[in-house]
Amino acid sequence: MKLKIDIIVVYIQRYNKGHEVDFVPPITGIHLAALTPPEHQVRVIHQQVEKVNFDTDADLVCLSFFSGFTPEAYRLASEFRRRGKLVVGGGPHATFWPEEVRQHCDSVITGEAESVWAGMLRDAANGELKPVYRGEPLSLDEVPTPRYDLLPNNYFVRRVVQATRGCPFSCSFCSVPTINPGFRVRPVEAVLKDIEYDDFPFWWQRKVVWFWDDNLTAQRTYVKSLLKKMIPLKKWWLTQASMDIVKDEELMGLMRDSGCIGIFFGVESFLSDSLKDANKRQNKIDHYKDIFDIVHANGIAVMAGFIAGFDHDTADSVEEMADNLLDVGVDVPFMSVLTPYKGTPLYEKLKDEQRLLDERGWEYYNGFNVAFRPKNMTPEELLEAHRKLWRKAFSPSHVTQRMHRAVTRLRPGAAWLSLFMNSFYGLKRLRGNLPVDMASDKGYGGRSTERVQQIFDRPGLLESTGAPQ
Ligand code: B12
Ligand code: SF4
């Protein structure tokens, strides 16, 4: 039997008023679509930008979700099952909580899907769907080009690529080493094929390559051979990397020459004790500014992630990060609240110390809310400190300083990135569009329909069917 399959990438709004622009899509849905054998018909629905159609003619609904989006995934599963659809759950939450997910879905896939996806679809087509499929990490030799043609119109950037999986580090709060064990790479030629896919309507969508790798530069010989081949393609590209790359002059030169416009570093903290809490031994606070100077000298913008809530953090140290990150030259900051995801040493520690706030639902795991008892603050004080940090870092004064630096110091692609992203967050701040506080009456609070509906009620959102353009 040929199946009609809806792959839904589940989402719960993370800002009070949603996003003004939906910037970059996830790769997960269009990757699963690419893995689907051609006899089946597949659609990909990104709930962040598209309305879920409960009256779909699909035979099988596949839900992909992070922990923070779980309440919405379960609501969707229940609605679809009520309508007689088979529902399969997968993704990082399903990987660590298969029994829970199984209570809401007909079947659950744990881990990476490649080894079990086609078999699961065959079983579904034959009416023999099993309750659990355990995906094993395979070599990435056969990973196909994502189905970019199935992306909705709404995303500003389109070309998301994954060249590698895994990361050699083991930060306390991160589940990557468990989710994607080891470090695996795709053949360079396969990655180049994705990069050369150009059937996008706008110049910047053809120009930008956004790597969703955990740590693209971890294996130097591999990344260098990829970058050498990228030079003639004249793209602008971005990735995550660790700060030790600046020691490798050849790599920095290749990054510059192949068109790197932005690197995301997990900086996390300006306190050495908090970096120890994070097991982030590769970060050296005294070197941040020098490292970012080298990155800037190569014409690349510094994007950086910060986390609030380590055991050595205080409300003051969290708020001070806004000035610290400006001083060291970060171009685009991303600030999260520490969150104890299962599959991490942090989760085990907080569980042992009975510091998980079990009464708080999965919606508190969206990266902007507090799901545990911090050491030096109450949960409310941590939330307040994070919001003060966020407001200050995106205040008109900080945003204009970063934008001024972008136009005076960075080359065009990197300046474009910094101007765009600082305007994006600066506008949010001006509109009072802050991260959603789940405990407030504006929070998710189980009112999933209302909250998700708000996304579609905002003016200017394009209607999209997810059909090829
Ligand atoms: C790229 C990425 C992002 C991107 C894109 C987000 C997105 N929605 O995809 C950005 C930077 C925006 C992002 C943001 C966040 N992220 Co993120 N992100 C990743 C990263 C590095 C790679 C994910 C990826 O694309 N992999 C490649 C694709 C092809 O594989 P995949 O998604 O893993 O899917 C495979 C399997 O999971 C499975 N699968 C997935 N879905 C389904 C569905 C079905 C039905 C089936 C059968 C199988 C299946 O099969 C796939 C193929 O093998 C992972 C780390 C990791 N290694 O997983 C973290 C990760 C997923 N992120 C995480 C988190 C916490 C976040 C944030 C909440 C962080 C924050 N503080 O704000 C935000 C949420 C924002 C949002 N809007 O979603 C956590 C999730 C933990 C959890 N239990 O939920 C991870 C695991 C990192 C970590 N800290 O441990 N992230
Ligand atoms: S360096 Fe980044 S991807 Fe690697 S373990 Fe640490 S947080 Fe996770």
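Trainee: What should I know about the numbering and the model?
Mentor: Residues are numbered from 1 along each chain as written, while chains are lettered from A and ligands numbered from 1 in the order written. In this predicted model local features need pLDDT of at least 70, side-chain atom pairs count only at pLDDT 80 or more, and totals for chains, interfaces and linings use all residues, with side-chain values taken from heavy atoms and with hydrogens and water left out.

Trainee: Why is ligand 1 said to lie between domain 1 and domain 2?
Mentor: Domain 1 (4–134) and domain 2 (157–431) both give residues to the shell around ligand 1, so ligand 1 lies between them; the bounds come from an automatic or database domain assignment.

Trainee: What makes the pair of Arg 14 and ligand 1 a polar contact?
Mentor: A polar contact is a pair of N or O atoms within 3.5 Å, and a polar side-chain atom of Arg 14 lies 2.9 Å from an oxygen atom of ligand 1. A polar backbone atom of Ala 113 is likewise 2.9 Å from an oxygen atom of ligand 1.

Trainee: Why are helices H7 and H9 called oblique?
Mentor: Helix H7 (residues 188–196) and helix H9 (residues 220–230) pack at an angle of about 40°. Angles under 35 degrees count as roughly parallel, over 145 as roughly antiparallel, 65 to 115 as roughly perpendicular and the rest as oblique, and therefore H7 and H9 are oblique to each other.

Trainee: Which residues are around ligand 2?
Mentor: They are Cys 167, Phe 169, Cys 171, Phe 173, Cys 174, Lys 280 and Gln 282, each with a heavy atom within 4 Å of the ligand.

Methods: A polar contact is a pair of N or O atoms within 3.5 Å; within protein, one must be able to donate a hydrogen and the other to accept it, and residues adjacent in sequence count only if both atoms are side-chain atoms. Axes are lines fitted to C-alpha atoms, for helices over the stretch in contact, and angles run from 0 to 180 degrees between N-to-C directions. Helices (H or I, at least four residues) and strands (E, at least two) are DSSP runs, numbered from the N terminus.
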